[in-house]
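Have the structure open as you read, and pick out the residues as they come up.

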Amino acid sequence: MEVHIFEGHPNLAESASHQFLKAGRPADSHYHQLANFNSSDILLHRDLILAADRIVLQFPLYWYQAPALVVDWLNQVLADNFVKRHASQLAGKDFGLVISTGQPLSSYQSGGREAYTVSEMLRPYQMLANRLDFNYLPVFVLAQHSYQSPESQQLNLVAYQSHLSLPRQADFIQRSNWLLDQLPTDLLGEVGDLFMAVCRDRLNELESMQFMIKEGDFNDR
């Protein structure tokens, strides 16, 4: 899966959270800073979108919306003539948002400080995805990164990488196999190899059982 991340932080060098995301992105993903975008890049960025299987907009939440450079990029790159001409090529792509906030996630709910959920605030992007026949992914929120413990930051990193890498609506087996692929077994030697082999065997057994249940095949074998 070809993943393209379009980074919309206007001051990336000064943002600990977005530096964290940049450093932690999947190695096979493609990363583009919108702060460097100008009108001469429109055709290039359109080609990037057409080549992508998954398009990710990444930005800080400023006054309940994306920074102006993200909106400007959308207006220029996704112009009506381009969208109409390439409607069939755009349809079916995954489209996701990764946002950072200075408020805890608990603030974004009914009765919370901000009163509305993140999904409610970002509804226009869901409408955009619907208009282009994109598959709209759940929003990934990195809240108060600098206040998180190192352990929480590592958990956020794993969640971020899996969010970008896994298929939409990935099941337990897909998630488990992905996690095993990330483990540095070379540091564990033979013990690590054995652990991986046992885990893979158990996941294969579980997958076989799920298939049998789905097919209604309960006979002893």
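In this predicted model, the largest cavity is lined by Ile49, Ile55, Trp73, Leu74, Leu78, Phe95 and Phe134. What kinds of residues are these: nonpolar, polar or charged? The lining turns out to have seven nonpolar residues, with no polar and no charged ones. Here's the rundown, starting with that cavity and then moving on to the pockets.

**The cavity**
- If you count cavities of 30 Å³ or more, you get one.
- The largest cavity holds about 40 Å³ of space.

**The largest pocket**
- This pocket has a volume of about 190 Å³.
- Its lining is made up of 13 residues, and the ones nearest the pocket's centre are Ser17, Ser100, Thr101, Gly102 and His145.
- Sort the lining by class and you find eight polar and five nonpolar residues, but no charged ones.

**The second largest pocket**
- Here the volume comes to about 150 Å³.
- Which residues line the second largest pocket? Look for Arg54, Leu137, Pro138, Ser162, His163, Leu166, Pro167, Arg168, Gln169 and Arg175.

Note on methods: Residues numbered from 1 in each chain as written. Predicted model: local features only at pLDDT ≥ 70, side-chain atom pairs only at ≥ 80, totals over all residues. Heavy atoms only, no water. 1 Å grid on protein atoms, 1.4 Å probe; cavity = no way out; pocket = protein on both sides within 12 Å on 5 of 7 lines; lining within 4 Å. Points joined across faces, edges and corners; volume = space filled by probe spheres on them. Nonpolar A, V, L, I, M, F, W, Y, C, P; charged D, E, K, R; others polar.
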